[in-house]
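Please read the points in order, with the chain in view.

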Amino acid sequence: MSNTNEPIYDAKKLGTGKVAVLGLQHMFAMFGATVLVPIITGLSVPVTLLFAGLSTLFMHLVTGNKVPVFLGSSFAFLGGYATVKALGVEAYGLTDKQALVYACVGVACAGLLYLVLSFICKAVGSKKVMKFFPPVVTGPIIIAIGMNLAPSAINNCEVNWVVALIAIAVVIVANIFGKGMVKIIPILLGVVASYVAALIIDPATRAAVATSVAGADWFGFPVKVEETVFSLFGNCDTGLLVSAIITIVPIAFATMMEHVGDISAISSTVGKNFIEDPGLHRTLIGDGVGTAIAALFGAPANTTYGENTGVLALTKVYDPLVIRLAAVYAIVLSFCPKFAALIEAMPTATIGGVSLILYGMISAVGIRNMIENQTNFQNSRNVIIAALIIGLAIGIGYSASGSIKLGAVSLSGLAVASIVGIVLNAVLPGGREEYEPNNQNSGSLGKY
């Protein structure tokens, strides 16, 4: 394969072996963040992998296999899980696992809100809905998503900067100077090189890998009935159930904004307008139903994954086939506790080094989205909108409380910023930007 920067929309022409490796790279890109959510919350890692894969395949089915998107664990609901878990343990005398089941009910209900927005998009048209999500709103939101994630990458890098820098250096060298397949799989090469380096230079990593992998089985069914919502039948505390729903459902308003921003980012990256074709209503159905079903079986909420968008931007291989292959890998591996143990033992610094590039790539896509659509920053209203979105998203996120509380509901910085940006774009006079594709396949979010 020649060393070009031309996008590839049909991965099959690369050959079966290269397609298989590309899918593996996408799996590694999502893996670190996807398994981190269950590690933090106490949910099951294998179940998380299983439903990340199944939800992704469902999303591709609903969208006609057109959108190269992966659905991985959402970080937006972490606060909701923690709140419900603490309430269940302290007020109702439940164990962490039992309380988490109630949180999963709330997440399942939150996923259903996507269907409501999907119905609105279908009824009135995506164009009328998307006039509230122009580049001056979605661009800064995308930028803020990447910037909010970046500190977590730095924290991971700080565990061992040598290991992290090896991952970063390999990704850069492979992407800039690599030829052929090397140029296409920089993330995977960075992960492997950094992991191997950690095994060589860090005795603690070697011991952790040996212990965790040796003690794990080769095969195991991931789903356990006692960790699913179905375990509540005939044994449910209504008060905690209602509290869980009220606490968690409002978070969906933020994740739906994130969904629109991510689909816009993917459209901008790939050069196709997925908001129009297959339609925002279809992607919302895929995301919402995937989240609801995953939660019923004890997996975290799903969300469109910026990490995989970063891989698309780096590799320029835009065929959704490679994403579906990553989903299949995730499903297969969910039945192999030994492999899950190997991945869970991946050095934190390796995840940090790779994530640092990918998170930065997310923000870069947001910048490119505004540039390509010629967002006018000589217009004061646009400057104000972008400034408040970025300022609120990052400022609230790193404030002492980390959120804005409205009664029993806590809104993240990203949620507040999204709402403020949408409202300001709708009410401020003077050249309001709205959604209008420049052409059928442009993937552009232009303005009237």
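The points below go from the model as a whole to single residues.

1. Basis of the note. This is a predicted model, in which local features need pLDDT of at least 70, side-chain atom pairs count only at pLDDT 80 or more, and totals for chains, interfaces and linings use all residues. Residues are numbered from 1 along each chain as its sequence is written, and side-chain values use heavy atoms, with hydrogens and water left out.

2. Confidence. The pLDDT is the predictor's confidence in each residue, from 0 to 100. Its mean over the chain is 82, and 90% of the residues reach 70 or more. Residues 435-448 have a pLDDT below 50, and this stretch has 51 contacts in the model beyond near neighbours in sequence. A contact here means heavy atoms within 4.5 Å.

3. Overall make-up. The chain holds 19 helices and four strands. These are DSSP runs numbered from the N terminus, helices being H or I with at least four residues and strands E with at least two. Of the 448 residues, 55% count as buried. The classes are buried under 20% relative accessible area, exposed over 50%, and partly exposed in between, with a 1.4 Å probe and protein chains only. Among contacts in the chain with a separation of 6 or more, 82% come from residues 24 or more positions apart.

4. Cavities. How many cavities of 30 Å³ or more does a search of the whole structure find? The search finds three. A cavity is a set of points, on a 1 Å grid over the protein atoms alone, where a 1.4 Å probe fits but cannot get out; lining residues have an atom within 4 Å of a point. Grid points are joined across faces, edges and corners, and a volume is the space filled by probe spheres set on the points.

5. The second largest cavity. Its volume is about 60 Å³. The lining consists of Gly42, Leu43, Ser44, Lys97, Leu100, Val101, Cys104, Glu227 and Gly298. By class, the lining residues are four nonpolar, three polar and two charged. In this scheme Ala, Val, Leu, Ile, Met, Phe, Trp, Tyr, Cys and Pro are nonpolar, Asp, Glu, Lys and Arg are charged, and the others, Gly among them, are polar.

6. Aromatic pairs. Rings of Phe, Tyr and Trp (its six-membered ring) pair if their centres lie within 6.5 Å; planes under 30 degrees apart count as stacked, over 60 as edge-to-face and the rest as tilted. The count by this rule is six pairs. Phe219 and Phe335 are stacked, because their ring centres are 6.0 Å apart and their planes meet at 15°. Phe219 sits in the loop between helix H10 (203-214) and helix H11 (238-248), and Phe335 in the loop between helix H15 (320-334) and helix H16 (337-344), so the pair ties together parts 116 residues apart in sequence. Phe219 is exposed at 61% relative accessible area, whereas Phe335 is partly exposed at 22%.

7. A further partner of Phe335. Phe221 and Phe335 form a tilted pair, 5.9 Å centre to centre with 55° between the planes. Phe221 lies in the loop between H10 and H11 and Phe335 in the loop between H15 and H16, so this pair ties together parts 114 residues apart in sequence. Phe221 counts as exposed, at 58% relative accessibility. Elsewhere, ring pairs link Phe51, Phe230, Phe233 and Phe297 into a cluster.

8. Val62. This residue belongs to helix H2 (residues 45-62). Is Val62 buried or exposed? Val62 is buried, because its relative accessible area is 16%. Leaving out residues up to four places away in sequence, Val62 touches Arg282, Ile285 and Gly286. The C-alpha atoms of Val62 and Ile285 are 7.5 Å apart, although 223 residues separate the two along the chain.

9. Cys121. Helix H4 (residues 96-124) contains Cys121, which is buried at 2% relative accessibility. Cys121 and Leu284 are 163 residues apart in sequence, with 9.4 Å from C-alpha to C-alpha.

10. Backbone details. The peptide bond from Asp277 to Pro278 is cis, with omega near 15°; Pro278 is in helix H13 (residues 275-296). Asn65, a residue other than glycine, has a positive phi near 55°. Asn65 is in the loop between H2 and strand S1 (71-73) and is partly exposed at 41%. Lys316 likewise has a positive phi, near 60°. Lys316 is in the loop between helix H14 (306-315) and H15 and counts as partly exposed at 25%.

How values were computed
1 Å grid on protein atoms, 1.4 Å probe; cavity = no way out; pocket = protein on both sides within 12 Å on 5 of 7 lines; lining within 4 Å.
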